Amino acid sequence: MSSLDRSDVARLAALARIDMSDADLDRLSGQLAVIVDAVAKVAEVAGEDVPATSHPIPMSNVHRPDEVRPSLDRDAALAAAPEAEEGRFRVPQILGEEA
Amino acid sequence: MTTMTYEQAMEEFDPVFGIEVHVELNTRTKMFCGCANEFGAEPNTQVCPVCLGLPGAMPVTNEKAVESAIRLGLALGCSIRESSRFARKNYFYPDLAKDYQISQYDEPTCYEGSLDVALDDGTVVEVGIERAHIEEDAGKNTHVGGSGGIQGADYSLVDYNRGGVPLVEIVTKPITGMGPRTAEVARVYVATVRDIVRGLGISDGRMEQGSIRADVNLSLRPKAQGGESQDDVPFGKRSETKNVNSLRAVERAVHFEAARQARLLLGGEHVVQETRHWHEDTGTTTPGRSKEEAEDYRYFPEPDLLPVEPSRAWVEELRGTIPEHPAKMRARLQEEWGFADLEMRDVVAADALTLIASTVEAGTTAQAARKWWMSELSRVANDRGVALAELPVTPADVAELQGLIDAGKINDKLARQALEGVLAGEGSPAQVVETRGLAVVSDDSALESAVDEALAAQPDVLAKIQSGKVQAAGAIVGAVMKATRGQADAGRVREIILQRAGVEG
Amino acid sequence: MTDWTRASAAQMADALAAGEVTSVELVQAHLDRIAAVDADVHAFLHIDAEGALETARAVDADRAAGVELPRLAGVPIGIKDVLVTQGLPTTAGSRILEGWIPPYDATVTRKVREARMPILGKTNMDEFAMGSSTEHSGYGPTSNPWDLERIPGGSGGGSAAALAAFEAPLTIGSDTGGSIRQPASVTGTVGVKPTYGGVSRFGAIALASSLDQLGPCGRTVMDTALLHEVMGGHDPMDATSLDEPVPGCVDAALEGARMDLSGVRIGVVKELSGAEGGFQDGVKQRFEESLDRLRGMGAEIVEVSCPSFEYALAAYYVILPSEASSNLAKFDSVRFGLRVEKATVEKTMLATRAAGFGDEVKRRIILGTYALSAGYYDAYYGSAQKVRTLVQRDFAAAFEQCDVLVSPTTPTTPFKIGERIDDPLAMYLNDIATIPANLAGIPGMSLPSGVAPEDGLPAGFQILAPAHEDARLYRVGAALERSLTEDWGGPLSAQAPELEVAK
């Protein structure tokens, strides 16, 4: 796998919705490339036959009963909203798929 | 070439299609939290830290949703995975509270199934099911300003009440070999899924309300040439059409897309692999947002949730709760009821199958049930612009109504009046008959006096009857019916008239 | 007039029960101490004097009325700002949450309230718990009370410094790769990371969901045990929480204080012992001396090898950023937190996250986004999860030969503020001994092993136990602590230089 370059970082930052100036990209790209190279060795060690661990303590079937629990008061739910209107969270124009 | 019809497209090309159906489950609570799963509440009154995506909140799986998903998978002939993990599908959108959706990726709970669907004329085709997996729904964006759609809106408002509602997404395998019946198969498949989820009791299954949503994928490939097998011809580029909100729209969308793609291909152009949006008013599709590259969802197993590992014993127990398959049920009922193919087809097309079956179960003949649902009630439904099932009358009501006729308490005409009353919310048929006084009058003395009055008004009728023109009695019957507002027992009235005339009826 | 801020939590609890002091007096003493030193230490991001005194008053009233109270009722506590506290600002050390007042309590917060412990305030941390020095806090660094120009460790530097500065007798921390244990080591205090799932994560702002654990911090092993028992237990709101009784930490600590470790097998992990270099001499020296003490108490010392640990750091720095990149997506300007408004919601998200996140957070989000990307998953995240399996297997094999494993907690004593900030990889090396426990989900403790002779700064001794066996940490830890403190004449924290008190 190739090391991370500046254009990769720019693309990833967009995917992660973090705006990056040229200065940011300059500063971070070098550091990231070094880190990526250092961590790449994870691919060396485990063979096909080694299963992945996604949960450190094995458990399964942890469910809850289908019973209603109190919701938040609407005021509490909206209290921290940067902008709210008519009981809903207000956001600027969305560019995207048709509704 | 400027015009192209669906039929022409089907002559020129071989269609391949697939459907993704999202089913909203009717559990009491959301998929990963205890907020109520109910329609129509005031915005943001059914939210909590979990479904609002607040920092620190964590999901916990709704056991009923898992059960419903497994039952749905079983009804679709699927295998049930022994261990399946949820996965995060990561993308940013205002209606997605956590900016990731908890779904299933490479470990869907249900996989590899198949569904027999019965087309309008009774032909049965098999639709392969790739998978049915569990996921949560997003909230709702409302766009303000402009025309109310997303284009040209000034801003948007987000309501998370529906965020976190449990969904099962059913994905078919690519369906080939249906040719010109493709549109019909698509429609009937969605209808069958809808019937199944209703039959299982796991969802309302109402496309108009959005508790069943269908996305239609379609592509065209050239017809096989020479000795070539059609299977060897590679698939064309496919479009995915969203916002298809009714069964009829499913069919129309396939018609439109097939024609559109055929026109492009025959014109030497390419079909773009894209998502398109169905417009009910114009009967067309338009492209969705063009993306420079496909979204990378960066799926990974959800670390906050543990694997779903249904025991084989539980799966078998659930298998026992699966009701009869719709196509099989249709065939069995047709046999039991003795309906002709055409009659059955009309019943299915009118979406009256389960209504009639329930009416029969409530205690009446299939013919009587069909008569009520397919004529009188269909007329009312059409006038009101609603589906039969949405009328405020139940199969039990209809059975009761017919029962009253069979018992001689009312006649057909009075029954129609009683039905009006039921539809108006006045109560059950028996109650309406009572309150409106619609019972057939069979009290002899009342009838006799009515007959005598009518005879007095038309004195020559008796003589006509006595001279052999028995049908002249009809005029008196009519007069008595009119005088009693249709509530006289016509047969008895006729007997009394003939008695008065001194002849046999 | 007793200076109650120097007492242990156990001593305070006993004194409260005996009527020798009131909770209001205790709380006031700590608030005064905070006012006196926190301008220099900067352990706290928010202080809730009102709330703490109100709780104290209610406890005192109930005690006077003869109401039965929990053991730690009235003993004040500080809470790492990663934990959601209803009505109190919660920032996770980030500007993107500046001023956010949560509408709900974390489960552990609720337990602290049910234990009737006055909450002094929220302590400083590396932003979103990403760091080993608290220098990445969006609100400025915390200083180590042993030397104000040095780091207190991270990410939970505030919680550890508050203890070392006698601003609180108990604090709550979180540990994803060592964020409780490493600060404990460099501040001369005690910190425990429980078995994964032993303490509920509901309401703990998530960094890496499969690695995070909240844990107790104190100046003594017994204090930490007391707090562990308040915090632990099954929580239906956290699907990953263990459905089993809270470990008997207090009993184990009492047992350990008898200083009899005959029959206990203690494993030294070759890969974590600094034999390969990179560990400061004084740290190794104190570690070896502690081993001798344990031997002297009857324990058998065994050397074990865990070869997969060579890859643990790399695996950790793939898994953590990956999960964090997803966990931090919710900070999108829509429902809470900072909003830098632009013409479209996409641009608003871009600008908000650029302004609200610091560099370390941005680095890790980008790294995680990369590791999870299509085409890279198998090589990075997928592989790292396999390394995790190997780490678990190595631990399992080691624990067949021993009851606990030990190592120095961190390779060095606290370094100077600013010394490693520009070299992320150098910073990551702080966690080399603590990370394997998080990968495997096993519990770990750090307690002071003494000060390094060359610089007079604290070094830490780490104990690791198999999953579910948290009690073993307390037994062995209490034994070692007793042996050391008998020579020191008291806890190591008493040796910290006196802080200048603000006028």
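Biologist: What should I know about numbering and confidence before I start?

Modeller: Residues are numbered from 1 along each chain as its sequence is written, and chains are lettered from A and ligands numbered from 1 in the order in which they are written. This is a predicted model, where local features need pLDDT of at least 70, side-chain atom pairs count only at pLDDT 80 or more, and totals for chains, interfaces and linings use all residues.

Biologist: What is the mean pLDDT of chain C?

Modeller: The mean is 96, and 99% of the residues of chain C reach 70 or more. pLDDT is the predictor's confidence in each residue, from 0 to 100. For the model, ipTM is 0.96 and pTM is 0.88.

Biologist: How many helices and strands does chain A have?

Modeller: Chain A has four helices and three strands. Helices (H or I, at least four residues) and strands (E, at least two) are DSSP runs, numbered from the N terminus. Along the sequence the pattern is α-α-α-β-α-β-β.

Biologist: Why is chain A called more spread out than a compact globule?

Modeller: Set the value against the rule. The globule rule is 2.2 Å times the number of residues to the power 0.38, and the radius of gyration is taken over C-alpha atoms. For 99 residues the rule gives 13 Å; chain A has 22 Å, well over that, so it is more spread out than a compact globule. Its C-alpha atoms fill a box of roughly 50 × 45 × 30 Å along the principal axes.

Biologist: Why does Leu404(B) count as buried?

Modeller: A residue is buried if 20 or more other C-beta atoms lie within 10 Å of its own, exposed if 12 or fewer, and partly exposed in between; C-beta atoms are placed from the backbone. Leu404(B) has 22 C-beta neighbours inside 10 Å, so it counts as buried. Of the 505 residues of chain B, 46% count as buried. In chain A, 34% of the 99 residues do.

Biologist: Where does Leu404(B) lie, and which residues is it in contact with?

Modeller: Leu404(B) lies in helix 10 (residues 395-406) of chain B. Two residues are in contact if their C-beta atoms, placed from the backbone, lie within 7 Å. Leaving aside neighbours within four places in sequence, the contacts of Leu404(B) include Lys409(B), Ala415(B) and Val433(B). The C-alpha atoms of Leu404(B) and Ala415(B) are separated by 8.2 Å.

Biologist: What makes a set of residues a nonpolar core?

Modeller: The set holds buried Ala, Val, Leu, Ile, Met, Phe, Trp, Tyr and Cys residues joined through C-beta atoms within 7 Å. The largest such core has 278 residues; Ala315(C) and Val318(C) have the most contacts inside it. Apart from it lies another core, of 42 residues, among them Ile356(B) and Ala415(B).

Biologist: How do you know that helix 2 of chain C bends?

Modeller: The bend at a residue is the angle between axes fitted to the seven residues ending there and the seven starting there. At Ala35(C) in helix 2 (residues 23-41) of chain C, that angle is about 40°. His42(C) follows this helix, with a positive phi near 55°.

Biologist: What makes strands 4 and 5 of chain B a pair?

Modeller: Two strands pair if DSSP finds at least two bridges between them. Strand 4 and strand 5 (residues 100-103) of chain B have four bridges, in the antiparallel sense. Lys89(B) stands opposite Gln101(B) in strand 5 of chain B. Strand 4 of chain B also has two bridges to strand 15 (residues 300-301) of chain B, again antiparallel.

Biologist: Why are strand 2 of chain A and strand 8 of chain B called edge strands?

Modeller: Four strands form an open sheet in the order 2(A)-3(A)-9(B)-8(B), with antiparallel pairing. Strand 2 (84-85) of chain A and strand 8 (140-144) of chain B each pair on one side only, and they are the edge strands. Strand 2 of chain A pairs with strand 3 of chain A over two bridges.
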